Amino acid sequence: MENVIAVKGLKVCYGDFIAVEDLSFEVRTGEIFVIIGPNGSGKSSAVESIEGLRKCAAGDIRVLGLSPYEQRNEMYRHIGVQLQEVQYPDKMKVKELCALFASFYEAPADWQSLLQQLGLRRKGSSYVSKLSGGEKQRLSILLALLPGPEVLILDELTTGLDPEARRMLWNHLKEVRASGVSILLVSHYMEEVAYLADRLLFMRGGKAIFTGSVDQLHEYAQVELRGQYQDGMSLEDIYLLLVAECVY
Amino acid sequence: MKAFYTSVKMEAKLFMRGFFGPFFAFIFPLMMLVLFGSIYGNEPSAFFGGHGAMDVSIPAYAAMVIGVCGLMSLPLSISEYRDRKIYKRFDATPVGKERVLWAQLFVNIVASIVGIMLLFLFGAILYKVKLAGNMAAVFLAVILSMAAIFSLGFFLASVARDAKVTNILCYSLYFIMLFTSGATIPKALFSDSIVRFSKVLPLTYVVELLQGTVAGEAVSGYWLSIVVLSGVSIVLGAVSFAIYKRKRWEG
């Protein structure tokens with residue numbers, strides 16, 4: 001299986017503060033790869049470097065063989081992203097935003113059909129500011145899908161959504177993955193990770209402490225947590241214990 | 001080109017959907033024109049150097065239009081986009097945020113020109129205002145004025161840490177300039193101290209240059225305005241661009 005994203009020895013700094021250090025991992029073609037870790041663990045800094053939005057202090061990143069920072073415009077012809085905490089102008093309508101973003105690509109996907117697929121067809125004439133949280137996130141996915149991407153990068157896509165909206169997005173992501181798109185997802189929800197992840201990366205203190213499947217994380221936790229690990233533990237229990245290992 | 005055209009169309013719609021831009025760029029100057037025109041008329045007067053009140057006021061109101069677009073509409077929309085990470089989202093596309101920034105600039109330039117043309121059109125219809133000066137000289141004066149005031153607006157948006165600070169800076173400077181540059185109140189009514197104060201404001205030189213070129217006076221009489229406005233355009237334009245490149249506005 002080929003890698004669509006390859007990160008080697010990534011280091012991200014903010015002044016003297018090192019946010020990410022010696023981070024290496026790959027995302028394989030057609031998989032959903034999830035990055036987890038507590039707040040401040042460097043997830044978003046790593047992802048923004050992969051997106052070419054932040055310059056890394058050291059290391060090498062390749063997305064579809066391209067350097068995200070130096071070849072950003074070329075890279076964005078092939079990848080779609082959803083960024084954390086992005087808003088759009090209040091007076092912009094959904095269909096206008098879609099048409100605007102579609103104009104950025106040479107052969108964009110049919111946004112009207114995507115509106116239909118994502119349950120937003122009736123919202124086309126609504127102002128973006130009037131959408132609910134779930135609708136805004138579906139719109140973010142729509143914009144990310146406009147380039148007809150080979151890779152989709154989603155940063156905390158379901159944060160703040162109710163369980164129904166979250167489940168709807170998860171199912172849609174599975175459909176997207178089934179169509180051959182590789183997905184890199186940052187998440188805080190272990191239920192989401194268990195439902196979606198083919199493989200995951202656990203970050204703590206700016207470093208990778210584990211990379212592998214959910215089953216492999218259980219095996220890792222058995223060894224790492226020694227007496228604390230119990231059969232039948234949920235992913236969230238393991239996550240909390242692994243985070244606490246660092247804190248205490 | 002398609003991306004730029006769509007961005008311009010979108011930014012034009014957003015400009016027109018706001019209250020502030022269309023009102024202060026198109027409607028308010030016309031209200032001033034009708035209000036003061038109905039009071040003073042446009043008969044030649046010694047008070048206005050042999051010109052009519054509206055002959056002198058229309059270039060001053062044109063300066064006000066340039067101020068609204070360059071010092072309010074443009075920097076405030078830039079700050080909003082930066083604070084809300086809208087530019088960052090555009091950076092995550094093949095065209096980047098520069099395309100949208102150019103579209104915002106283009107829309108505000110066009111809005112300024114439309115606002116100024118409306119003033120001359122209504123001035124000609126209602127008060128028989130005539131463009132005594134050379135059309136090319138007036139056009140160049142408008143371009144230089146826009147370059148200076150838009151550079152100032154871009155500079156304020158660049159140095160302000162967020163939209164709130166940009167608001168405070170732009171509103172303060174705009175309204176101070178509006179009432180002390182001759183854009184709304186004729187300079188002949190100012191006290192000596194206000195005249196001295198007005199000399200540090202770029203909009204004062206915009207008013208002088210536009211009034212001079214519209215009246216058909218020799219451009220050589222306005223060399224100070226040309227030098228000041230060129231200096232403001234070059235220095236603030238370059239500084240803002242350097243700040244923009246350094247910060248990258250990634251949010």
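**Figure 1. Two buried phenylalanines, A:Phe104 and B:Phe90.** Both A:Phe104 and B:Phe90 are buried in this predicted model (buried is under 20% relative accessible area, exposed is over 50%, and partly exposed is in between, with a 1.4 Å probe and protein chains only). Their rings form an edge-to-face pair, 5.8 Å centre to centre with 80° between the planes. A:Phe104 sits in the loop between helix 3 and helix 4 of chain A and B:Phe90 in helix 4 of chain B, so this pair joins two chains. Over all chains, the whole structure has 23 aromatic pairs. Rings of Phe, Tyr and Trp (its six-membered ring) pair if their centres lie within 6.5 Å; planes under 30 degrees apart are stacked, over 60 edge-to-face, and the rest tilted.

Residues are numbered from 1 along each chain as its sequence is written, and chains are lettered from A and ligands numbered from 1 in the order in which they are written. Because the model is predicted, local features need pLDDT of at least 70 and side-chain atom pairs count only at pLDDT 80 or more, while totals for chains, interfaces and linings use all residues; side-chain values use heavy atoms, leaving out hydrogens and water.

Figure 2. A:Trp170 belongs to helix 6 (residues 163-178) of chain A and A:Tyr195 to helix 7 (residues 190-196) of chain A, so the pair ties together parts that are 25 residues apart in sequence. A:Trp170 is buried at 3% relative accessibility, whereas A:Tyr195 is partly exposed at 29%.

**Figure 3. Helix 3 of chain A under cover.** Seven of the nine residues of this helix (residues 94-102) are buried, among them A:Glu96, A:Cys98 and A:Phe101. The cover includes helix 4 (111-117) and helix 5 (133-145) of chain A, plus helix 1 (2-17) and helix 4 (86-91) of chain B. Helices are DSSP runs (H or I, at least four residues) and strands are too (E, at least two), numbered from the N terminus.

**Figure 4. B:His51 in its loop.** Look for B:His51 between helix 2 (20-40) and helix 3 (53-83) of chain B. B:His51 is partly exposed, with a relative accessible area of 26%. Setting aside neighbours within four places in sequence, its contacts (heavy atoms within 4.5 Å) include B:Glu43, B:Val56 and B:Glu217.

**Figure 5. A ring cluster in chain B.** Ring pairs link B:Phe19, B:Phe20, B:Phe23, B:Phe24, B:Phe28, B:Tyr171, B:Tyr174 and B:Phe175.
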